[in-house]
Amino acid sequence: MSSDSSNLARLSMSLPAELFRQLDVMVEERGLPSRSQLIAELIRHALADHEARFRPEDMLAGTVTLVYRGSRGRVRQQLAETQADYLKEVISSQHVFLEDDQSLEVMLVQGPAKRLEELCDALRGIRGVRQLQLVTTTALLPPLHDVEEGAKEPVKKRKEAAA
């Protein structure tokens with residue numbers, strides 16, 4: 001969070017006493033320097049959720065976290081096939097084995113909110129998937145390649161070769 005006071009706006013709010021107490025406990029347990037930092041984080045999460053619900057064509061980045069049981073038929077193959085169906089949205093994935101024949105997979109994703117929800121629905125439909133959570137942000141990854149429409153190689157590479 002920026003500490004530049006010219007970029008800050010002050011917000012005053014009233015909360016029920018018990019909610020205020022719980023907020024202070026949360027700030028203390030997480031070791032945060034102020035309530036403001038926690039409230040700003042909660043607002044950022046709420047804004048990303050709002051974007052996903054009310055602006056389904058807006059681009060979002062985030063993670064999909066899955067826990068699944070690997071012994072259930074072809075679950076790993078179905079997960080891979082589903083990710084291939086969403087090749088533009090799935091940037092990368094990381095897999096680890098857990099105890100009791102369970103696996104944890106985290107996917108870095110970016111795309112229109114509607115498309116990310118479709119990906120999650122497709123993954124939830126795979127037998128053996130036990131938990132799934134999508135966490136999004138409105139901050140995006142920078143373009144990975146500068147490619148002109150119809151070009152086969154990145155623009156930067158062609159410019160370097162021409163020089």
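Begin with the whole chain, coloured by secondary structure. This is a predicted model, and its secondary structure comes to five helices and four strands. Followed along the sequence, these elements come in the pattern α-α-β-α-β-β-α-β-α.

Of the 163 residues in the protein, 25% are buried. If you display contacts between residues at least 6 apart in sequence, 62% of them join residues at least 24 apart.

**The sheet**

Hide the surface and select the strands. In what order do the four strands lie in the sheet? The order is S2-S3-S1-S4, in an open sheet with antiparallel pairing. Strand S2 (90-97) and strand S4 (129-137) are at the edges; each has a single partner strand, so one side of each lacks a neighbour in the sheet. Neighbouring strands here are turned against each other by 15 degrees on average, with direction ignored. As background, strands of a sheet pair through backbone hydrogen bonds, in either a parallel or an antiparallel way.

Next select residues 59-69, strand S1, together with residues 102-112, strand S3. The two run antiparallel and are joined by eleven bridges. Two pairs can be picked out: Gly62 has Val109 as its bridge partner in S3, and Val64 has Met107 as its bridge partner in S3.

Keep Val64 selected and look toward S4. Val64 also has a bridge partner in S4, namely Leu134. The pairing of S1 with S4 is antiparallel and extends over eight bridges.

Now move to S2 and S3. Seven bridges join this antiparallel pair.

Helix H4 lies across S1, S2, S3 and S4. Against S3, helix H4 runs at about 155 degrees.

**A residue in S4**

Select Thr136, which is found in strand S4. Is Thr136 buried or exposed? Its relative accessibility is 14%, so Thr136 counts as buried, the cut-off being under 20%. Show what surrounds this residue: apart from neighbours within four places in sequence, Thr136 is in contact with Ala48, Leu60, Ala61, Gly62 and Leu116. One of these contacts, Gly62, is the residue whose bridge partner in S3 is Val109.

**Two packed helices**

For the last stop, select residues 17-30, helix H1, and residues 35-54, helix H2. Two packed helices are described by the angle between their axes and by the distance between the axes. For H1 and H2 the angle is about 100 degrees and the axes are 9 Å apart. H1 and H2 are therefore roughly perpendicular to each other.

Which residues meet where H1 and H2 pack? From H1 come Phe20, Leu23, Asp24, Met26, Val27 and Arg30. From H2 come Arg35, Leu38, Ile39 and Glu41. Colour these residues by type: six are nonpolar, none are polar and four are charged.

Conventions. Residues numbered from 1 in each chain as written. Predicted model: local features only at pLDDT ≥ 70, side-chain atom pairs only at ≥ 80, totals over all residues. Heavy atoms only, no water. Buried < 20%, exposed > 50% of the residue type's maximum accessible area, 1.4 Å probe, protein only. Contact = heavy atoms within 4.5 Å. Pairing = 2+ DSSP bridges. Axes fitted to C-alpha atoms, helices over the stretch in contact; angles between N-to-C directions. Parallel < 35°, antiparallel > 145°, perpendicular 65-115°, else oblique. Nonpolar A, V, L, I, M, F, W, Y, C, P; charged D, E, K, R; others polar.
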